[in-house]
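This briefing covers side-chain contacts in one protein chain.

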Amino acid sequence: MTVKFLCFFVIVLLGITSPLYAGEDQITVQLQWLNQFQFAGYYVAHDLGFYHDAGLDVTIKEYTPGIDTVEEVLSQRANFATGKSSLFLERLLGKPIVVLGAIFQNSPEILISTKPQITSPADLAGKRIMITRDQATATCLLSMLTSQGVNLDDLQLQPHSSRLADLITGKTDAMACYLSNEPYQLQQAGVPFKIFNPADYGFSSYGDLVFTSEEQITQHPKRTRDFYTATIRGWQWAFDHIEETAQLIFNHYNSQQKSLDSLIYEGQVLKQLALTDDQHIGPISRERISQTLELYRLTGLANGKAAYLDQGIDPLGFNKHELKIGILAHRGATKTLKRWGHLAHYLNNTLEGFHTTLVPLTFKKVGPSIENHSIDFLLANPALYVELENRYGLSRIATLLNRSNDPRTATDHYGSVIFTLKNHPVSFEADMFSNKSLAAVNPSSLGGWLMALEALNEHDVNLEGIDLNFLCSHDAVVFAVRNGKADVGIVRSGILERMEQEGLLSLEDFSIVHEQTYEGFPYKVSSALYPEWSIAKLKHVPVESANYLASALLGLSLTDNRTIDTHEGWTVPIDYSPVHRLLKQLRLPPYDETNLTLKQFIAQYALWFYGTLVFLAVLVIHAVYSNRLNKQLEREVRKRTRALRKANHNLTTLSRTDPLTGLHNRRYFMEFAQQYISLAHRNATELQLLSLDIDHFKQVNDRYGHHIGDEILKLFATTLTPLLRTSDLLARTGGEEFVICLQNTTAEGATVFAEKILDAIRAAAYPLGNEETVRMTVSIGIASLECNQDLEDLLRRSDHALYSAKNNGRDQYVFEPPLTTNDKNSP
């Protein structure tokens, strides 16, 4: 009896409680390491209910030795996981993973050794290193090792035991660690150690990437967004409340038995690595991803396409500013999204830091969407734009170029088409609608009604009392005529041709009423032509965002494959005065007549009236004092003009000059070196590029301090400058890295010049004041410009030669051999 009662009680309890959890999605997050502050955001989001608020029931799985987080996600044993920058390599190798964001803008990954004889990354060659597979291919550690001439094949890689004691007792020579963890523990234990931090060698990469699978993001975009948003909310709380978060981990997630002080220390270090300059968490820069791709190409680990990598990074725009483009859905929402989807894809791949979302709108929803700022830009017909411009202050940024199948037949104008079925023709005459029904799109549709209305009025067609129906979309009008529900239809030009391309109709079944022809216009048309649709920005949108979007749109040429996909091109805003004239003629908004009461008149025009009086008063005052004021203003203008010229000159100099050495900076070099290359290709002259790197410069900084390092960089620059010709281009591109572009110079001339540099640098010395001097050497990589080669390719080849010079012992130059025929033809 008791057993039966208990079973009944359990069943009832489950029946009561199960609805409480039925609405929550069950998801799993796989961590890449053992529980610690490194994953604080997930613990906070779980324990403080952020996941619950988002409708998610989240299980957090701690790392266990041998687990592969990528396989956990792809096999659906976990929905989301954390990983290192090696995820970019996994994506390049074809694995369908998607990176949502980067928790750490600068990776905390470092190498630590307790061996006194290991003083630099170069000393690790042939040594034992405890490191996970993904750590070994993470960009920051890989970049540091490669720059010091150490390849992965030169190391004895050991599986990571996660026990710091193995490093202390000598079971390994070095260990991959986190800057926020092991240094603190070693310091507390009194164990001497040496840190090899990629940041000290000029390298940085993202750390602790949040990722999922393509399948997850395709099937569950809302769940993905909810999870990521709640996670970032957890991280923001964790960094705002480090001590409270450390206490939470100490009480509930302390599987490593860390002290509370060590968890607080870890949180303070990680906060500095996570937050961007504007205090955001998660953004991923396309420029840094390009550098990652280049590293993997140089090291031979992968040669994937940048486009495929880009598609796997923040595809839902979690870390980007959202741009919502409202589109007048004149053919319905589904067809609108299909037609303009390629444009959204292009913009998302082009606009750095922005994510474009398309919002189909009916005529009725356009006004409310503008009023509540649910869209940022609007693509609509000119008549609707003119009305909205007057009402809401919209401003155009680009005009549509509508294109047929032939890329050469693009037009920035369109018209109305009046049509019937071929077996039911209608004559274009005054009583053409007698006993006939007419279908049009909308009273505000320029192509689907207004342009045709003008043509009908010009020919005195009787419209009084006709059977007129507005069907809201062009497709609905065409189908009404085809199916016999309307005798005559009016749509915009190009609709019939596009529907025929889509296999929805045959033009041979229709007859065009009052057909017109215009030179270069590729579509059937019955009316005069008016300017095409425009995309306009709303008042709340910053000008910078509008300029950025306009630049991307105008960057689409009509023969571009991207334009071929979208079937459209764009041009600068064209003259809309014909549209204004038409609206005035038809007395449509904003030119419709309005009867105002006296009170309304005062309210509407009082400001203008009093403003006019004030203006006239100012003119009188100005006439009295004009002579004195003009002289004073002229003096002030001359003074400010001189100051402005001086300021502009200083700004131009600063933007193009390295402030330490006085040499040109990377920006200046990239701009003018490209011009040198174009000139060399055009005139068939030879050009050489030299990449220079001061040898062992970090040791100078470590031994004498950064202020002596700065003096060495200045000495290096002043030593090189006298060796240059007027036409040579020298720049400091970063740290101890320099580059020289030699015009009209043969390969032999470049090697002679390189020898002069080597001799001059060897002879240069910086006195320290205590009878000690600092000397230096330089490694040089040389590459000759090949046919059809651009600046990026030339820099890559000279850098490759530079690495060879360093690997061969430094203090020398290496000449990169010319490209073979296969090399030249390879992508």
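This is a predicted model: local features need pLDDT of at least 70, side-chain atom pairs count only at pLDDT 80 or more; totals for chains, interfaces and linings use all residues.

**Salt bridge within a helix**
- Arg 762 forms a salt bridge with Asp 759, and their closest N and O atoms are 2.9 Å apart.
- Both residues belong to helix H29 (residues 747-763); they are three residues apart, so about one helical turn separates them.
- Asp 759 is also partly exposed, with a relative accessible area of 44%.

**Salt bridges between elements**
- Lys 84 and Glu 109 form a salt bridge with the closest N and O atoms 3.1 Å apart.
- Lys 84 lies in the loop between strand S3 (80-83) and helix H5 (86-92), while Glu 109 lies in strand S5 (residues 109-113), so this pair ties together parts that are 25 residues apart in sequence.
- Lys 84 and Glu 109 are both buried.
- Glu 671 forms a salt bridge with Arg 656, with 3.8 Å between the closest N and O atoms.
- That pair links helix H26 (residues 666-683), which holds Glu 671, to helix H25 (residues 598-656), which holds Arg 656; the two residues are 15 residues apart.
- Glu 671 is partly exposed at 36% relative accessible area, and Arg 656 is partly exposed at 30%.
- A network of salt bridges links Arg 331, Lys 335, Asp 475 and Glu 502.

**Aromatic pairs**
- Tyr 42 and Trp 235 form an edge-to-face pair, 6.3 Å centre to centre with 85° between the planes.
- Tyr 42 is in helix H2 (residues 40-47) and Trp 235 in helix H11 (residues 221-240), so the pair ties together parts 193 residues apart in sequence.
- Tyr 42 and Trp 235 are both buried.
- The ring centres of Trp 449 and Phe 470 are 5.5 Å apart and their planes are at 85°, so this pair is edge-to-face.
- Trp 449 lies in helix H19 (residues 446-458) and Phe 470 in strand S19 (residues 467-470), so parts 21 residues apart in sequence are tied together.
- Trp 449 is buried at 8% relative accessible area, whereas Phe 470 is partly exposed at 31%.
- Ring pairs join Tyr 42 and Trp 235 with Phe 37, Phe 104 and Phe 239 in a cluster.

**Charges over rings**
- The charged end of Arg 288 sits over the ring of Tyr 206, 4.0 Å from the ring centre.
- Arg 396 has its charged end over the ring of Tyr 576, 3.8 Å from the ring centre.

Terms used
Residues are numbered from 1 along each chain as its sequence is written. Side-chain values use heavy atoms; hydrogens and water are left out. Rings of Phe, Tyr and Trp (its six-membered ring) pair if their centres lie within 6.5 Å; planes under 30 degrees apart count as stacked, over 60 as edge-to-face and the rest as tilted. Helices (H or I, at least four residues) and strands (E, at least two) are DSSP runs, numbered from the N terminus. Buried means under 20% relative accessible area, exposed over 50%, partly exposed in between (1.4 Å probe, protein chains only). A charge sits over a ring if NZ of Lys or CZ of Arg is within 6 Å of the ring centre and within 35 degrees of the ring normal. A salt bridge is a side-chain nitrogen of Lys or Arg within 4 Å of a carboxyl oxygen of Asp or Glu.
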